[in-house]
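Please read the points below with the sequence and the model side by side.

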Amino acid sequence: MSDDETYPGPREVVTGDQPVSQIPGDDVPPTSGTGLCLSGGGYRAMLFHLGVLWRLNDAGMLPRLDRVSSVSGGSITAGVLALNWNALRLDRAGVAQDFEGQVVDPVRRLAGVGIDVASVVAGLGLPFTSVSDRVVKAYRRHLFGSATLQDLPDRPKFVINATNLESGVLMRFSKAYLADYRWVRCRTPPCPSPWRWPRPLPSPRCCHRARSTSSTSTG
């Protein structure tokens with residue numbers, strides 16, 4: 001495949017030096033900077049990446065980040081960091097003195113709560129609700145409240161990755177947009193419906209984003 005060969009598929013462009021497909025409007029060409037990737041693996045990944053961020057903070061490296069990309073359990077930790085980013089009090093060495101209170105404590109509290117079994121039981125056993133609805137309510141109650149993607153900082157850019165179950169392809173959530181390359185590119189706020197509903201969709205809440213990325217893996 002040549003560097004500029006178009007892969008068969010709607011609006012998808014794959015180049016030889018890039019590991020993922022381009023979504024129209026992405027940074028082209030890739031910009032230089034410092035990125036951090038937080039992988040998945042449920043609560044284990046959530047806590048592992050909490051330790052990673054804690055050490056990076058101790059080393060004064062968090063302010064150097066330009067982009068944070070995450071999936072699944074890593075996105076829970078990334079979401080907490082993103083929502084509290086502007087509240088971090090950085091000293092002259094770039095160390096957030098209140099990192100434990102702003103980031104560590106909320107994640108630790110969630111780690112003491114089992115939301116999976118309760119969500120499945122309630123979602124399957126109660127009328128007028130679903131497992132996904134119960135997971136959203138749990139994330140809202142324990143971590144994200146009514147926060148939306150518009151509450152994320154401009155820098156670093158946080159990108160939350162999930163799978164669009166309608167199309168089976170990568171779905172990306174960020175402050176600027178949520179999008180996959182096949183069906184939808186949704187800028188926020190407001191978020192116009194790709195299915196042309198009569199009213200715009202609201203800016204997706206962070207609890208919905210976390211629910212979406214949680215669905216990509218378990219563990």
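1. A residue is called buried here when its relative accessible area is under 20%, exposed when over 50%, and partly exposed in between, with a 1.4 Å probe and protein chains only. By that rule, Phe-99, Val-103, Val-104, Pro-106, Val-107 and Leu-110 are the buried residues of H3.

2. The model is predicted, with local features needing pLDDT of at least 70, side-chain atom pairs counting only at pLDDT 80 or more, and totals for chains, interfaces and linings using all residues. Residues are numbered from 1 along each chain as its sequence is written, and side-chain values use heavy atoms, leaving out hydrogens and water.

3. Helix H3, residues 99–111, has 13 residues and spans 17 Å from its first C-alpha to its last, close to the 18 Å expected at 1.5 Å a residue; the expected span is 1.5 Å times one less than the number of residues. A kink of about 30° lies at Asp-105, shortly before the proline Pro-106, the bend being the angle between axes fitted to the seven residues ending there and the seven starting there.

4. The axes of helix H2 (residues 73–84) and H3, which are lines fitted to C-alpha atoms over the stretch in contact, come within 10 Å and cross at roughly 145°, on a scale from 0 to 180 degrees between N-to-C directions. In contact (heavy atoms within 4.5 Å) are Ile-76, Val-80, Leu-81 and Asn-84 of H2 with Phe-99, Gln-102, Val-103, Pro-106, Val-107 and Leu-110 of H3.

5. For the whole protein, 44% of the 219 residues count as buried.

Key:
Helices (H or I, at least four residues) and strands (E, at least two) are DSSP runs, numbered from the N terminus.
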